[in-house]
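This report describes the fold of one protein chain, first as a whole and then in selected parts. Please keep the sequence and the structure at hand while reading.

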Amino acid sequence: MEVINQIKETIHNIAPNNAEITKIEMEGPEIAIYTKNPKAFFENDNLVSKLSHELKKMMNIRTDKSLLMDKDEALEKIKEIIPVDAGIKDITFNECFSEAVIEALKPGLVIGKGGETSKRIILETGWTPNIVRAPTQESEILTGLRHHLNKYSKERKEILKQVAERIYRDANKQAEWVRIGALGGFQEVGRSCMLVETPQTKVLLDCGLNVSNATKDSYPFLETLHFPLSELDAVIISHAHMDHCGFLPYLFKMGYKGPVYSTLPTRDLMTLMQFDFIDVLTKEGRDAPYSERDVKEMLKYCIPRDYRKVTDIAPDMRLTLHNAAHILGSASVHLHIGEGDHNLVYSGDIKYGFVRLFDNIDLNYPRLETLIIESTYGGKSDYQPNREIAEKQLFDIVKQTIDQGGNVLIPVFAVGRGQEIMLVIENFFKTGLMKPKCYVDGMTNEASAVHTAYPEYLREKVKRRILQNDSPFISEIFKNAKNLDRKQILEDGGSVIIASSGMLTGGSSYYYFKELAEDPKNTLIFVGFQAQGTTGRKIQEGIKELPITDSHGRTKALKINMRIETVDGFSGHSDILQLLSYLKRINPKPKRVLVNHGEKSKAIAFSQYISQKMKIPSTAMRNLDMVRLK
Ligand SMILES: [Zn+2]
Ligand SMILES: [Zn+2]
């Protein structure tokens, strides 16, 4: 543990004598300093920044346990210090980390100008404030998850310590070779997973499953990992769609006990998706590959990282997450391998182009040799109309249907498209040209609530609205269908129904589809990608009859008479032109491009174009291929 000892020595050398440090602990990639004199750190701001600058790590200053104020007394004191406007929802104490977890509607007011208020809390009570934002609408998942993490904080602390021991173990910092193994999601969409390996380190990028195909070819080829899971250093999750995170709990079921890195919203949203996945399968009488217990176990090992924060994850590997503008918290992954030996960017799912919800995608990297890029719309003619045209087209179809008394069903991914489409429909209302009834069903409501807890991950305009208590997701236009009579909604007619799942693979959208399909007055509008093999894809391709099971368990043929439309242009994925623009603008220019996340013909066509026209060597890897990068 030479590195850890060096870190401790550096801290002791820099800190003044009156710092009264009683303990220095590694908390995963971060450092916690326990002190009997927090004043020494907080009255001298430079000390904390000097330490983080010198060690290139995040520092957490905590008060020695002997100086923590009694909890009841501290609670009163904290309430006294924080202005009422902050909208405190909850305060809990976490002894393991000497932390007061403060959940507030306006965290900025708990921090105070220049951090004054939070400094006062630690100096006057001893407890370090850990400030989290309360969602502006009730969220079962956030409440449950935050409670769970608090309950297991002792165990989490031990986990973080072990993670640190592995990150900073005595090992070669250079990587003599680097290679990448394709375990899933190559020449296909679904079950994204790959292994990045050096002589001393093994890391998985994404661990997804194919939801459209729950029996065959659903899971990544983990059985080809010929090493015990204890040798796996880390798993990095790009974003919370099931094709990227859906198989992660299975790793924990199999005994993986290592860290999972992602952004904070990704941690929360993927938990929501995984719980929902188990729920949907169970209701359909099918077995899920893992249980809720495995998801809860996974949560203890999650280490959230912000965009653009560099983090050591192995002796020879540094991770940085960047904005991918695809869904809330979605990231492109940058790995700095060895001492400058190789730099890898995995794009994840990306949107290059305007969206209402997120800032533009990150294009600048410190260094870049290999780029792994998605190719969902990588085919030669995969153009998408621009947003203006798409919104006009959607408007027209909705208006025509409503005017003749029909219902509109828009199946969406609960995370991403759901919120984007809500913003668009809200805009329709504002024009005054139509006023349909609008119902939101399925997991979309819960996912929207999570968005309101992370406004800093949203585009400025949406962020401002949430902060000013004008969240577009709780606009009076939208009614939560959860507690309403679904049959009545349909009978009334003239409604727009936004429901998940996005590809009609189950859930509430599938229910509505079955009810609406036979009446030609109704319209089904696809606004997102429909994967091969899904019910959505079959309908999109024009089948007129679908075998379904009725409530008595009998199979019958459902006639599809409703109007079927696809409106392109709302996708969270880049179309071919946007993918090419991304490749031209990404800086620096990669020396090699590997293509994943696209059907076979698209991945191959895209890769050929990159090699021939852009003159960058490129391969559309197949599952189970291995490529040596260095
Ligand atoms: Zn995605
Ligand atoms: Zn994906």
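## Overall fold

The protein chain has 21 helices and 28 strands; helices (H or I, at least four residues) and strands (E, at least two) are DSSP runs, numbered from the N terminus. Its radius of gyration is 25 Å, close to the 25 Å that the globule rule gives for 630 residues, so the protein chain is as compact as a globular protein of that length. That radius is taken over C-alpha atoms, and the globule rule is 2.2 Å times the number of residues to the power 0.38.

This is a predicted model, in which local features need pLDDT of at least 70 and side-chain atom pairs count only at pLDDT 80 or more, while totals for chains, interfaces and linings use all residues. Residues are numbered from 1 along each chain as its sequence is written, and chains are lettered from A and ligands numbered from 1 in the order in which they are written.

The C-alpha trace spans about 80 × 55 × 45 Å along its principal axes. Of the 630 residues, 49% are buried. A residue is buried if 20 or more other C-beta atoms lie within 10 Å of its own, exposed if 12 or fewer, and partly exposed in between, with C-beta atoms placed from the backbone. Among contacts with a separation of 6 or more, 74% join residues 24 or more positions apart; two residues are in contact if their C-beta atoms, placed from the backbone, lie within 7 Å.

Helix α14 covers residues 417-431, and at 1.5 Å a residue its 15 residues should span 21 Å, which agrees with the 21 Å between its end C-alpha atoms. The expected span is 1.5 Å times one less than the number of residues. Buried residues of α14 include Ile421, Met422, Ile425 and Phe428. An α-helix has 3.6 residues a turn, so residues three or four places apart point the same way. The buried residues of α14 pack against several elements, among them α13 (387-403), β18 (408-411) and α15 (444-453). After α14 comes Gly432, whose phi is positive, near 80 degrees.

In β18, Val408 and Ile410 point one way and Leu409 and Pro411 the other way, and all are buried. The table gives strand pairings; two strands pair if DSSP finds at least two bridges between them.

| Strands | Sense | Bridges |
|---|---|---|
| β18 and β21 | parallel | four bridges |
| β18 and β22 | parallel | two bridges |
| β26 and β27 | parallel | three bridges |

Pro411 has Ala499 in β21 as its bridge partner, and Val408 stands opposite Thr523 in β22.

## The seven-stranded sheet

An open sheet of seven strands has the order β13-β14-β15-β16-β17-β26-β27, with mixed pairing. Each of β13 (311-314) and β27 (618-620) stands at an edge with a single partner strand, so one side of each is left without a neighbour in the sheet. The twist averages 20 degrees from one strand to the next. Axes are lines fitted to C-alpha atoms, for helices over the stretch in contact, and angles run from 0 to 180 degrees between N-to-C directions.

Val593 stands opposite Ser618 in β27. Helix α21 (residues 600-612) lies across β26 and β27, running at about 175 degrees to β27.

Asn323 lies in strand β14 (residues 317-323). Asn323 is buried, with 20 other C-beta atoms within 10 Å. Not counting residues up to four places away in sequence, Asn323 touches Tyr307, Asp359, Ile361 and Asp362.
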